[in-house]
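Me: I would like to go through some of the labels attached to this model and see what each one rests on.

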Amino acid sequence: MNIRATVLFASLIAAAPLQASSQSVQSIADAPLPCKAGQQINEEGYVKIGGIEQWVTIKGADCTNPVILMVHGGPGNPNTVFGALPYVAWEKDFTIVQWDQRGAGRTFTRNPATAEGTLSIAGLANDGTEVAAFVARHLKAKKLILMGGSWGSALSVHMAKSRPELFGAYLSTGQLVNGRENEADSYRKLMALARAANDAATIAALEALGAPPWLAPRSPGQFRKISRGYEAKTTTPAPKAWWSLAPAYASEKMQAEYESGEDYSWIQYVGMKGDGMHATLDLYKLGAEFRMPVFMIVGEQDLTTTPGVAKRYFDAIKAPKKAFFLLPLTGHDPNGPMVDAQYNILKTRVTPLLK
């Protein structure tokens with residue numbers, strides 16, 4: 001099974017390569033980093049989070065720069081597997097923290113017994129805030145920038161709500177709001193596009209799949225394969241080089257372990273009978289109040305986290321500052337316009353708020 005083919009909810013966030021600079025990679029120490037201005041940081045390793053060892057990477061050109069905690073999508077799709085995504089360029093301005101979530105990537109490899117249990121949104125959010133608290137102590141950062149996309153955006157909101165004191169701002173991409181609502185709106189929108197195009201093959205495929213909620217665990221992935229094809233017609237593609245594997249994942253063994261985590265996490269999300277975490281996801285239940293600025297980016301052609309659902313949620317949010325950005329030529333998956341928008345918002349809107 002090809003790794004790229006298994007990415008059903010591709011993340012809108014990404015990781016730096018394992019070798020971010022000429023500085024040698026260091027293990028992550030429990031103690032605060034003795035940081036001086038201009039000092040590079042290039043750390044990776046296991047950190048005790050939620051009672052188990054979880055994989056964390058911390059990389060940047062200056063350890064005094066603002067810190068971004070990137071919460072990957074999926075579930076089960078950690079960004080550390082990819083070695084050529086564009087966010088390495090951000091390391092001159094930001095310290096980038098990546099975390100392989102429980103049940104995913106190297107965290108799953110380190111803790112195979114995870115497969116005997118179940119994942120919960122609350123449990124993963126607790127892990128995420130524990131990672132954030134550790135990073136804040138380690139880097140002596142007053143507040144982190146929280147950045148999440150797709151599944152990671154829903155998890156990020158839970159983190160922001162439970163420990164708002166840890167975060168100076170939240171940047172969302174491909175905001176997932178309500179599992180059932182997102183799914184239903186995606187189906188309606190894609191069916192309307194297919195009918196407008198007189199696309200008999202797609203109409204037949206969607207009718208065979210049936211309208212959600214879906215009970216079969218393969219159905220969401222089958223739908224996403226169709227919707228991704230439609231998005232490709234109206235969006236700027238990402239460079240293929242972005243999806244090249246990081247050196248640490250070059251072996252068949254590492255790829256197999258990664259894919260095992262993907263499979264496990266995905267089943268936990270959709271459930272064997274449509275009864276996974278997805279079915280209970282509803283951000284409205286957490287309330288409208290945010291104690292930090294909120295910036296939301298949505299692709300105009302997104303058929304997974306559709307603009308209408310995201311905008312309704314955004315409009316309900318009450319935050320010290322908030323802004324919504326609808327990007328043309330962009331769907332659910334990351335591409336050049338998305339990365340450019342993320343960086344520009346971080347530099348012009350978010351960073352000034354942290355000073």
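**Labels and their grounds**

Reply: The model is a predicted one.

Me: Why is Asn198 called exposed?

Reply: Its relative accessible area is 68%, and exposed means over 50%. Asn198 therefore counts as exposed. Asn198 also has a positive phi of about 55°, although it is not a glycine.

Me: What makes Lys140 exposed?

Reply: The relative accessibility of Lys140 is 60%, and the cut-off for exposed is over 50%, so Lys140 is classed as exposed. Lys140 lies in the loop between helix H2 (121–139) and strand S5 (144–149). Its phi is positive too, near 55°, in a residue other than glycine.

Me: Why are H4 and H5 called roughly antiparallel?

Reply: The axes of H4 (residues 179–196) and H5 (residues 200–209) cross at roughly 150°. Angles over 145 degrees count as roughly antiparallel, and therefore the label applies to this pair. The axes come within 8 Å, and the crossing is left-handed.

Me: Which residues of H4 and H5 meet?

Reply: From H4, Tyr187, Leu190, Met191, Ala194 and Arg195 meet Thr202, Ile203, Leu206 and Glu207 of H5. By class, the residues of this contact are six nonpolar, one polar and two charged.

Me: How do you know that strand S2 is largely enclosed by the rest of the structure?

Reply: S2 covers residues 52–60, and eight of its nine residues are buried. Buried means under 20% relative accessible area. With eight of nine buried, S2 is therefore described as largely enclosed.

Me: What makes S2 a paired strand, and with which partners does S2 pair?

Reply: Pairing needs at least two bridges. Nine bridges join S1 (residues 41–49) to S2, and the two run antiparallel. S2 also pairs with S4 (residues 95–99) over four bridges, again in the antiparallel sense. Both counts meet the cut-off. Thr57 of S2 is the bridge partner of Glu44, and Thr57 stands opposite Gln98 in S4. In the hairpin of S1 and S2, which has two residues between the strands, Gly50 takes a positive phi near 60°.

How values were computed: Residues are numbered from 1 along each chain as its sequence is written. This is a predicted model: local features need pLDDT of at least 70, side-chain atom pairs count only at pLDDT 80 or more; totals for chains, interfaces and linings use all residues. Side-chain values use heavy atoms; hydrogens and water are left out. Axes are lines fitted to C-alpha atoms, for helices over the stretch in contact, and angles run from 0 to 180 degrees between N-to-C directions. Angles under 35 degrees count as roughly parallel, over 145 as roughly antiparallel, 65 to 115 as roughly perpendicular and the rest as oblique. A crossing is left-handed if the near helix is turned anticlockwise from the far one by less than a right angle, and right-handed if clockwise. Contact means heavy atoms within 4.5 Å. Ala, Val, Leu, Ile, Met, Phe, Trp, Tyr, Cys and Pro count as nonpolar, Asp, Glu, Lys and Arg as charged, and the others, Gly among them, as polar. Buried means under 20% relative accessible area, exposed over 50%, partly exposed in between (1.4 Å probe, protein chains only).
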